[in-house]
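Please keep the sequence and the structure in view while reading.

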Amino acid sequence: MLCVIARIDPGARERLAALRRAGEAWDSRPGELYGHITLAAYVGDEEDRFIASCRELLSRFSAFTVRYSRVELLSATSILVASPDKESTLLALHDAIAEKWSGSLDRWTGDALWQPHTTLLYDPDGDLEAAAAVLRKEFSPFTARVERIEFSRVEETGYTIVDHVDLPA
């Protein structure tokens with residue numbers, strides 16, 4: 001699988017990492033918060049063509065901001081997330097990729113089910129409702145900046161960034 005991810009700025013990443021630390025007792029997969037929003041997860045077999053197509057689509061976009069407005073529990077995938085509003089440039093980026101590649105995207109990043117988020121905690125067996133209550137008390141809405149889109153190959157033991165596009169200011 002190859003993901004197209006919007007990398008958020010360092011200050012926003014630190015803010016979310018601090019929030020994650022507030023709930024680390026519930027995290028079954030501890031580690032560093034990478035700080036991104038997945039725009040699409042490509043599951044086809046033409047990665048080079050997919051990347052080239054996305055690079056062309058991305059050439060029409062400039063750096064942009066997203067507003068993180070809430071902490072949510074996505075129970076279908078056992079994750080607790082910080083969710084940005086699904087609006088403007090973020091939505092336009094996703095829609096441009098999904099329109100062209102919808103048949104080759106996973107079910108979570110296709111059209112109707114896509115929910116932009118940054119994963120904070122994962123625990124399929126834990127009490128994520130309790131963790132959500134703690135994180136919601138710690139959370140306050142904020143704005144993050146996106147200046148880079150990365151292509152991340154998901155591997156058995158993690159991921160590898162294979163390419164990126166820096167968005168002009």
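A residue is called buried when its relative accessible area is under 20%, exposed when it is over 50%, and partly exposed in between. The model is a predicted one.

**A surface patch**

Val 43 has a relative accessibility of 48%, so this residue counts as partly exposed. Val 43 sits in the loop that runs between β2 (36-42) and α2 (47-58). Together with Met 1 and Val 154, Val 43 makes a nonpolar surface patch of about 250 Å².

**Helix α1**

Helix α1 covers residues 10-22, which is 13 residues. From its first C-alpha to its last, α1 reaches 19 Å, close to the 18 Å expected at 1.5 Å a residue. The buried residues in α1 are Ala 12, Leu 16, Ala 17, Leu 19 and Arg 20. Seen down the axis of α1, these buried residues fall within an arc of 160°, so they line one face of the helix. An α-helix has 3.6 residues a turn, so residues three or four places apart point the same way. On the other side of α1, Pro 10 and Gly 11 are exposed.

What lies over the buried residues of α1? The cover includes the strands β1 (2-8), β3 (64-74), β4 (79-84), β5 (118-122) and β6 (142-155), as well as helix α4 (128-138).

**Helix α2**

Helix α2 has 12 residues, and its reach of 16 Å from first C-alpha to last is close to the 16 Å expected at 1.5 Å a residue. Its buried residues are Phe 50, Ile 51, Ser 53, Cys 54, Leu 57 and Leu 58. These residues cover an arc of only 165° around the axis, which puts them on the same side of α2. Asp 48 and Glu 56, on the other side of α2, are exposed. The cover over the buried residues of α2 includes β1, β2, α3, β6 and β7 (158-166).

Cys 3 is found in strand β1, and with a relative accessible area of 9% Cys 3 is buried. Which residues touch Cys 3, apart from its neighbours within four places in sequence? The contacts of Cys 3 are Thr 38, Ala 40, Ala 41, Glu 150, Phe 151, Ser 152 and Val 154. His 94 is 91 residues from Cys 3 along the chain, and the C-alpha atoms of the two are separated by 12 Å.

Ser 152, one of the contacts of Cys 3, has its place in strand β6. Ser 152 is buried, with a relative accessible area of 6%. Leaving aside neighbours within four places in sequence, Ser 152 is in contact with Met 1, Leu 2, Cys 3, Ile 5, Tyr 159, Thr 160 and Ile 161.

**Positive phi angles**

Ser 78 is not a glycine, although its phi is positive, about 55°. Ser 78 lies in the loop between β3 and β4, and it is buried, with a relative accessible area of 17%. Ser 88, also a residue other than glycine, has a positive phi near 35°. Ser 88 lies in helix α3 (residues 88-101).

**Salt bridges**

The count of salt bridges comes to 9. The table lists some of them.

| Pair | N to O distance |
|---|---|
| Asp 163 and Arg 55 | 3.3 Å |
| Asp 85 and Arg 70 | 3.4 Å |
| Glu 150 and Arg 148 | 3.9 Å |

Asp 163 forms a salt bridge with Arg 55. Asp 163 lies in strand β7 and Arg 55 in helix α2, so the pair ties together parts that are 108 residues apart in sequence. Asp 163 is partly exposed, with a relative accessible area of 23%, and Arg 55 is partly exposed at 36%.

The side chains of Asp 85 and Arg 70 also meet in a salt bridge. This pair links distant parts of the chain, with Asp 85 in the loop between β4 and α3 and Arg 70 in strand β3, 15 residues apart. Arg 70 is partly exposed, with a relative accessible area of 31%. Arg 70, Glu 72 and Asp 85 are linked in a network of salt bridges.

In the pair of Glu 150 and Arg 148, Glu 150 is buried, with a relative accessible area of 4%, whereas Arg 148 is partly exposed at 29%. Glu 150 is also among the contacts of Cys 3.

Note on methods. Residues are numbered from 1 along each chain as its sequence is written. This is a predicted model: local features need pLDDT of at least 70, side-chain atom pairs count only at pLDDT 80 or more; totals for chains, interfaces and linings use all residues. Side-chain values use heavy atoms; hydrogens and water are left out. Patches are made of residues with over 30% relative accessible area and no salt bridge: like charges are joined within 9 Å, nonpolar side chains (Val, Leu, Ile, Met, Phe, Trp, Tyr) within 5 Å. Accessible areas come from the Shrake-Rupley method with a 1.4 Å probe; for residues, only the protein chains shown count as cover. A salt bridge is a side-chain nitrogen of Lys or Arg within 4 Å of a carboxyl oxygen of Asp or Glu. Helices (H or I, at least four residues) and strands (E, at least two) are DSSP runs, numbered from the N terminus. Buried means under 20% relative accessible area, exposed over 50%, partly exposed in between (1.4 Å probe, protein chains only). The expected span of a helix is 1.5 Å times one less than its number of residues. The arc is that of the directions from the helix axis to the C-beta atoms. Contact means heavy atoms within 4.5 Å.
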